[in-house]
Amino acid sequence: MALYEVERVEYGYRWERQDVSVLKGVTIEIPEKSFVCLVGPSGSGKTTLLNLLGLLDRPHQGRIRFLGRDVAALDEHTLGRLRLADLGFVFQAFYLIPTLSVLENTTYFLAPLGLGIREANERGEEVLKALGLIDHRHKRPAELSGGQRQRVAIARALAKRPKVILADEPTANLDRETAESIIGVFKEMQKTGVSFVFSTHDTHLVSYAETVFSLKNGIIERGVST
Amino acid sequence: MSAFVPPVLKLAWRNLFRNTRRTSASLVTVALGSAGLLIYQGFNEGIMNQYRENTIRVRYGHGQVYPKGYYDKKIEEPWSVWIEDREAVESKLKATGHVLEVYPRVSFYAFLVKGGINLGGRGEGVIAERERKFFTAMNFEAGHDLQSPDEVILGQGLAKSLGVGPGDLVTALAQTVRGQLNGLELKVAGIFHTGSKEFDDSFFRIDLAAAQGLLDTNRVEHFAVQIPNVEAWPQASAAIAKAVPELETKPFDELDAVYYKNAVAFLDSQFSFIRSILLLIIALGIFNTIATGLLERAGEIGALRANGESRGRLFRILAIESALLGLVGGAAGIGLAVILDKTLFKAGIPMPPGPGITRQFRIFLEIQGQHYLQALSLPLITTVIASAWPIWRLVRKPIPELLRAN
């Protein structure tokens with residue numbers, strides 16, 4: 001079963017009394033355990049497509065199937081449950097909770113998933129170890145570097161053991177060395193069955209992708225699988 | 001915090017410290033509102049209690065016992081229904097176990113004559129020796145209380161109008177129960193100043209036996225009664241009704257309905273108005289700071305929602321944050337009010353004479369248990385209500401909009 005089936009998806013909005021079309025009939029398919037990059041210039045529709053794949057919004061036309069389920073037919077509560085259990089989001093601005101420690105941020109979503117404190121902490125520490133953050137687990141985000149914070153955001157997404165992690169410019173704020181190590185973690189995690197979909201301008205990250213969708217003016221110009 | 005604290009509460013508590021300047025501003029708003037509420041309520045209670053004590057200890061006692069229907073029906077010869085066997089009734093009242101002391105009285109209208117001055121006044125015959133132990137708010141500005149049957153004590157205004165002072169002689173002229181004119185020469189023992197202009201301008205008191213002689217009766221009109229405290233009145237009244245069914249009772253606040261009850265109603269509505277203003281100030285202050293704080297957290301909230309956090313749980317966390325703000329602010333306000341009570345207001349607050357009052361007051365804050373509860377709960381509820389709308393609006397926003405916000 002495909003992770004995503006996107007068929008003739010259109011999305012737009014009104015801006016100063018004019019209809020602006022962001023996605024114009026996008027059709028793509030993303031299999032499970034993929035490593036996918038969405039590339040394209042600013043305003044090409046990458047973030048909008050990422051939001052639709054993350055079940056944060058619904059297409060105005062066309063259909064998106066996630067793990068075989070038509071997203072349009074799902075109510076808000078079910079979409080919320082799917083985002084909690086099967087999706088992990090990593091943002092360029094990290095959006096960590098400044099009042100929680102690294103470990104608490106990492107395990108934030110595990111209680112709603114039904115894990116007890118001990119089990120959640122064990123899982124959180126395991127992920128932090130894999131990302132090289134175990135020694136920082138009691139620190140607050142403000143005590144970490146940008147790269148470390150990005151890794152905590154990734155750890156928070158990974159700890160849920162989702163089917164897919166979606167990330168908007170995950171390496172934009174990182175130096176080359178840190179970006180390299182994080183990509184290494186992504187590739188390792190991919191082996192465990194997690195898919196990755198990135199919106200990025202980073203050609204180095206793109207070079208690791210198995211599939212690259214190039215967007216321009218809301219249209220998929222190219223879909224390249226390596 | 002302990003692992004036993006629910007995670008939502010723990011997170012809400014820690015979030016209070018994410019922007020200490022904003023949290024401090026909110027806490028100061030709530031604390032000042034809460035302290036204002038408590039101080040004003042204590043002040044209000046102080047005024048009411050002083051006014052109540054004054055009303056009870058000048059004139060009425062905790063209540064009065066009199067012939068049934070005496071104040072409600074028009075009785076052509078009022079003395080005909082007065083109470084005959086005073087001592088038997090006194091014994092029955094005391095035997096109820098609810099009455100600490102009884103004060104038999106007669107009241108009458110009389111002319112007071114001094115030289116060429118002739119003034120109408122309202123006289124009361126009392127047992128002075130018994131009364132002075134309880135009616136302690138008479139405030140003698142000159143002379144002393146009644147000490148012998150040929151003495152009279154006068155209200156300040158009445159004495160001034162007559163131009164008399166302690167030691168002077170006045171003549172009281174009154175109609176006996178048989179309709180004859182009778183007179184009594186009395187020596188002015190003292191001038192009292194209760195603070196109530198109406199009372200001080202027209203009242204005088206003489207010995208009960210002398211008053212009965214003047215009116216040519218051996219009956220008494222009513223008994224003022226002393227009970228352990230104001231709150232015990234309903235039980236005392238019921239016991240009295242059972243012991244002397246031919247008599248009826250009225251509490252002091254009904255006897256002094258025009259002044260006391262109206263004053264209480266006036267102070268109560270004034271307090272309600274000021275309380276509303278204080279709560280509105282808290283609500284507006286909190287609404288503003290909470291709304292600003294939430295806007296700054298829109299991206300973070302969007303990220304949490306994108307990762308599956310439910311609107312309900314987010315609402316709970318943010319609402320608990322506001323509740324904690326209200327609770328901590330309310331507690332700080334109580335602390336502030338208590339400190340001010342023990343320092344700045346320790347000597348009381350001097351007040352000018354109120355309407356119908358001729359004496360200055362010194363009001364002491366009288367903060368009671370339920371006031372603390374109100375000073376804690378009202379700011380708490382106000383804070384939660386004031387923050388509910390911005391929180392609800394934020395968590396209802398579409399996730400992409402939240403993520404674009406910061």
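What percentage of the 406 residues in chain B is buried? In this predicted model, buried residues make up 41% of chain B, a residue being counted as buried if 20 or more other C-beta atoms lie within 10 Å of its own.

The overall form of the chain can be read alongside that figure. Chain B contains 14 helices and twelve strands, and because its radius of gyration is 31 Å, well over the 22 Å that the globule rule gives for 406 residues, the chain is more spread out than a compact globule. The C-alpha trace of chain B spans about 100 × 45 × 35 Å along its principal axes. Among contacts in chain B between residues at least 6 apart in sequence, 82% join residues at least 24 apart.

One helix pair can be followed in detail. Helix 2 (residues 20-60) of chain B packs with helix 13 (residues 369-396) of chain B at an angle of about 145°, their axes lying 9 Å apart, and the crossing of these two helices is right-handed. Helix 2 of chain B contributes residues including Val30(B), Gly33(B), Leu37(B) and Gln41(B), while those from helix 13 of chain B include His371(B), Ala375(B), Leu378(B) and Thr383(B). By class, the residues of this contact are six nonpolar and seven polar, with no charged residues.

Chain B also meets chain A, in a contact that takes 19 residues from chain B and 21 residues from chain A. On the side of chain B that touches chain A, the elements giving two or more residues are helix 1 (7-15), helix 11 (298-306) and helix 14 (399-405) of chain B. That side of chain B has nine nonpolar, six polar and four charged residues.

Note on methods
Residues are numbered from 1 along each chain as its sequence is written. Chains are lettered from A and ligands numbered from 1 in the order in which they are written. This is a predicted model: local features need pLDDT of at least 70, side-chain atom pairs count only at pLDDT 80 or more; totals for chains, interfaces and linings use all residues. Two residues are in contact if their C-beta atoms, placed from the backbone, lie within 7 Å. Helices (H or I, at least four residues) and strands (E, at least two) are DSSP runs, numbered from the N terminus. Ala, Val, Leu, Ile, Met, Phe, Trp, Tyr, Cys and Pro count as nonpolar, Asp, Glu, Lys and Arg as charged, and the others, Gly among them, as polar. The radius of gyration is taken over C-alpha atoms; the globule rule is 2.2 Å times the number of residues to the power 0.38. A residue is buried if 20 or more other C-beta atoms lie within 10 Å of its own, exposed if 12 or fewer, and partly exposed in between; C-beta atoms are placed from the backbone. Axes are lines fitted to C-alpha atoms, for helices over the stretch in contact, and angles run from 0 to 180 degrees between N-to-C directions. A crossing is left-handed if the near helix is turned anticlockwise from the far one by less than a right angle, and right-handed if clockwise.
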